Amino acid sequence: MMKKMFALLMALTMTASLLAGCGSSAAPAASAVASASASASASGAKYNTGMPELDSILNNATGRLADILAAGKITCVSEVAFAPYEFVDPDISNEQDSYVGSDMELARYIASCLGVKLEIDNVVWDAVATGVQDGKYDMAISGMLYTEERAEAMDLSDIYVTDETNVQTFIVPKDKVNDYTQLSDFDGKRIAYQMGTVQQELVNNQLKNPVTSEFSSVQDAVLALQSGKCDAVAIAYQVGLPMVEANKDLVISDVNFIYDKNGLVVACKKGESDLVAAINVIIADEISKGLYTDWTTAAQARVKELGL
Amino acid sequence: MNFFFNIKKILARYGMKYVQGTVITLFLSLISVLLGSFLGLFISLARMSKRKWISRIASVYIELLRGTPMLLQLYLFWILLPKIPGLSNIGNLTCVCIALVINSSAYMAEVFRAGIQAVDSGQREAAVSLGMKERDIMRKVIFPQALRNILPAMGNEFIVMIKETSLASTFMAGEIMTTMKQIQSITYLALESLTIAGIIYLILTLGISKLLSILERRLNANG
């Protein structure tokens, strides 16, 4: 009973936070215009989202953004397996609605501001990057940290959340934690990480002679640690925290990588500057309202409920 | 034991999710074997065709699909299918299904060819000397006998596909490994969710191979 009440309450707060945004009055207007825009776009359709800057981008949309507005649908790709950023809520039967977490709420917010429908696709991390670079999807929101390599391969948005507590660190076995007091203690150790991540760069740049093993998912890397195949897993603090809570034999080390760019970004296909500009305006709006923090709090509460 | 306790808790809370995953795994493997057999039959006939170029095309098709990894094929279909005009809205599950069917068709084509060619050549000669038409020889003489060689191999392909469909979890197709990933990502209990998935796969493959051996015995008894 309590659980159901709580879920209902949370659903309500999430909806409320969405409605409080630009979604309430602007979205229907925008979508009504969007449906008529096919014929009216030449004469300059008027979008009224409540954000003047966004309106002017939408009114002069080119490229992919114009396609999105004309189709009335934006596609988003994500590896929905990183609570609380993105995870599948097993109690929700509708597939699209079951993708929850703070990143997924951001995707819904972006779609509602643009006045279009959202379609989320859930694939593994390698396929997230492939899918957005290839242009199969309009955007990727998947807890993606800013890196220079990514900025070269894709168009990245402004940072939508910076989490000071989300340092880049290690998970180590509980009985070994005192062996590691500084970063150089990890030199020459067997370190596991998820392929193509920030952790991969950090391990290879900041550690001397690490014996690395790469995994396609961070869960597999942790599994390798538990079975003694490696000495530590390089991981983001927020991702590692619930893992050590569920697995009592593991702890997070006090040693951190040297890293200060803990900002998450939305990725689009290279060259889609209009789409990224529109997303940036929406992100600025989200930051000024502090919505992401609310989404995270709600998501963390839900993860606690779902855990065993 | 914490491990078994955790497994019990996962099953109590998320058991239904594993059941759904099992249904999708069975659905995917059944579809790929059935449609793959249908497609494979025609490819095997093309492969055995007397016209050189038809046989050549069929053998290139078979070698391409059998010579490259399934995961690579899944990725290619996933990227390329939506680029075909008119298919831009194709879903991930459909892409995965098509890739599985086409992959399976190459293996089934070889199964059919082996089955057909294993029928004693005297059977064909006898049919020819009775004045039967080429089409009837295939349909009424060769194929019914070949079927007895083919059915067990078809069952094996089904078992192989049950395991191969796990690769579809790359695109979260909803089968058992996808379920496992989802449960693992919210419970953070990797070994436990993997163990449950492993047990389900074992039950499926062992159960089906048992069924097949019963079927095979009955086929032989009637032969």
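**Exercise 1.** In this predicted model, find which residues of helix 11 (residues 237-246) of chain A are buried, and work out where on the helix they lie.

*Solution.* Start by counting neighbours: a residue is buried if 20 or more other C-beta atoms lie within 10 Å of its own. In helix 11 of chain A, Val239(A), Gly240(A), Pro242(A) and Met243(A) are buried. Next, look down the helix axis: these buried residues fall within an arc of 165°, so they line one face of helix 11 of chain A.

**Exercise 2.** Describe the side of chain B that touches chain A, by element and by residue class.

*Solution.* Begin with the contact itself, to which chain A gives 25 residues and chain B 22. On the chain B side, at least two residues come from each of helix 1 (2-47), helix 7 (176-187) and helix 8 (190-222). Then sort the chain B residues by class: eleven are nonpolar, seven polar and four charged.

**Exercise 3.** Decide where in chain A to read the coordinates with care.

*Solution.* Take the averages to begin with: mean pLDDT is 85 for chain A and 92 for chain B. Now go to residues 23-43 of chain A, where pLDDT stays under 50. Where pLDDT is low, the predicted coordinates should not be read in detail. That caution covers the 32 contacts beyond four places in sequence that the model has for residues 23-43 of chain A.

Definitions and conventions: Residues are numbered from 1 along each chain as its sequence is written. Chains are lettered from A and ligands numbered from 1 in the order in which they are written. This is a predicted model: local features need pLDDT of at least 70, side-chain atom pairs count only at pLDDT 80 or more; totals for chains, interfaces and linings use all residues. Two residues are in contact if their C-beta atoms, placed from the backbone, lie within 7 Å. Helices (H or I, at least four residues) and strands (E, at least two) are DSSP runs, numbered from the N terminus. Ala, Val, Leu, Ile, Met, Phe, Trp, Tyr, Cys and Pro count as nonpolar, Asp, Glu, Lys and Arg as charged, and the others, Gly among them, as polar. pLDDT is the predictor's confidence in each residue, from 0 to 100. A residue is buried if 20 or more other C-beta atoms lie within 10 Å of its own, exposed if 12 or fewer, and partly exposed in between; C-beta atoms are placed from the backbone. The arc is that of the directions from the helix axis to the C-beta atoms.
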